[in-house]
Amino acid sequence: VIRVGAGLLVPTIVFAVAWPLVTAWRSGSLRLGEAVRHWAMIGVWVAGSAYITMLAFWPAAQIHPVLQPWQALTKSVNFGWNGQVRLFGELPRAMELPRYYDPLLLLLQTPEVMLVGFALALLLMRSIFQRLSASGRTQFVMLTVAALLPILAVLLGGAILFDKARHLLFAVGPLAVLAAIGWHGLASLGKWPGRFTRASLVLLLVLPAVRTVQLHPYEYVYFNELAGGPQQGYEDFGADYWFLSGWEALEGLDAHLAAQGPGTPVAAVFCPGFPQLVWEFARQHPSMRVTFDKGEADYFAVSTRVDIDKEYTGEVVARVQRHGFDFFMVKKKAPRSKRGKK
């Protein structure tokens with residue numbers, strides 16, 4: 001569903017290609033017919049290469065190359081999912097999320113070096129424009145539109161978007177280029193601004209690099225300092241919404257079962273929300289099996305997403321943490337009391 005959102009960039013690309021051709025036609029260096037032919041040829045090449053690239057990474061569209069993208073587009077306008085999403089520690093439904101949700105998460109999950117660079121590009125726009133050619137100025141404007149148009153569309157459109165800024169990832173590329181222009185613009189102001197730029201870049205590049213290493217392999221849950229740092233970001237907006245850390249947690253459970261010695265019975269594991277995870281893991285690890293009945297479960301494999309873990313009590317035998325925050329854990333079901341209660 002999120003792939004078709006990049007269709008918002010199509011008008012920007014069309015305008016970016018047409019603008020220099022129109023300029024050439026108005027100056028008399030290109031006839032109207034030639035300009036139209038150039039525009040059509042470039043359009044066909046860009047659209048064709050983009051479509052082929054899309055199909056290469058979209059298995060469902062490979063089966064239905066026309067129908068699937070169209071269905072995804074229509075579905076994304078009014079997506080029917082209405083599950084819970086974490087927002088500032090609260091758990092509203094997806095259809096109740098404010099329109100600023102995705103732009104806010106894009107702001108909080110983009111590394112500081114890019115945000116500062118983009119701000120510099122806007123602040124130094126006048127001096128940057130003075131050094132650019134006419135075509136360079138057009139490219140700068142197009143980059144700005146490509147970066148901001150999707151964000152404005154989300155703010156004004158009201159589509160149902162949830163689980164972090166993944167729906168706006170195609171705006172990150174233009175933002176990164178503009179950030180580089182902003183940093184270059186600051187360095188070009190003189191000797192001392194150049195030294196300041198180099199020192200600032202080093203500092204701002206080290207921070208996300210260190211955090212990325214610490215988060216591996218869950219880099220997609222990155223939060224910057226505007227969110228209060230990673231741990232505060234996880235508490236306010238949640239973390240591993242794809243349950244990727246569940247595999248690591250199950251490996252911890254497998255080690256826990258192995259430590260109990262031979263003869264340990266196969267453990268029944270209940271995983272609310274994603275039982276396929278346990279089923280796939282159990283295919284490779286005979287120490288456990290998946291159960292769809294939490295009453296017969298020996299262990300609960302639970303994500304902290306939308307406080308799922310708080311619904312299940314028991315001793316924690318395996319957990320996956322980053323920055324002191326639990327992404328996923330496995331709990332041993334508490335034994336029943338003599339009255340049959342937990």
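User: In which helix is Arg211 found, and on what basis is such an element assigned?

Analyst: Helices (H or I, at least four residues) and strands (E, at least two) are DSSP runs, numbered from the N terminus. Arg211 is found in helix H10, residues 191-215. The model is predicted: local features need pLDDT of at least 70, side-chain atom pairs count only at pLDDT 80 or more, and totals for chains, interfaces and linings use all residues. Residues are numbered from 1 along each chain as its sequence is written, and side-chain values use heavy atoms, with hydrogens and water left out.

User: Is Arg211 buried or exposed?

Analyst: Buried means under 20% relative accessible area, exposed over 50%, and partly exposed in between (1.4 Å probe, protein chains only). Arg211 has a relative accessible area of 9% and is therefore buried.

User: With which residues is Arg211 in contact, leaving aside its neighbours within four places in sequence?

Analyst: Contact means heavy atoms within 4.5 Å. With those neighbours set aside, the contacts of Arg211 are Glu112, Tyr222, Phe223, Asn224, Glu225, Gly229, Pro230 and His323.

User: How many salt bridges are there by this kind of distance rule?

Analyst: A salt bridge is a side-chain nitrogen of Lys or Arg within 4 Å of a carboxyl oxygen of Asp or Glu. The count comes to 10 salt bridges. One of them joins the side chains of Asp307 and Arg86, at 2.4 Å from N to O. Asp307 lies in the loop between strand S3 (299-303) and strand S4 (314-322), and Arg86 in the loop between helix H4 (67-77) and helix H5 (101-109), so the pair ties together parts that are 221 residues apart in sequence. Asp307 is buried at 18% relative accessible area, and Arg86 is buried at 9%.

User: Which residues are linked with Asp307 in a network of salt bridges?

Analyst: The network links Arg86, Asp307 and Lys310. Between Lys310 and Asp307, the closest N and O atoms are 3.7 Å apart. Lys310 counts as exposed, at 62% relative accessibility. Another salt bridge pairs Arg166 with Asp163 at 4.0 Å, N to O, and both of these residues are buried.

User: Which residues have the most contacts inside the largest nonpolar core?

Analyst: A nonpolar core is a set of buried Ala, Val, Leu, Ile, Met, Phe, Trp, Tyr and Cys residues joined through side-chain atoms within 4.5 Å. The largest has 70 residues, and Leu250, Leu253, Met288 and Val330 have the most contacts inside it. A second, separate core of five residues includes Val17, Leu21, Leu30 and Ala35.
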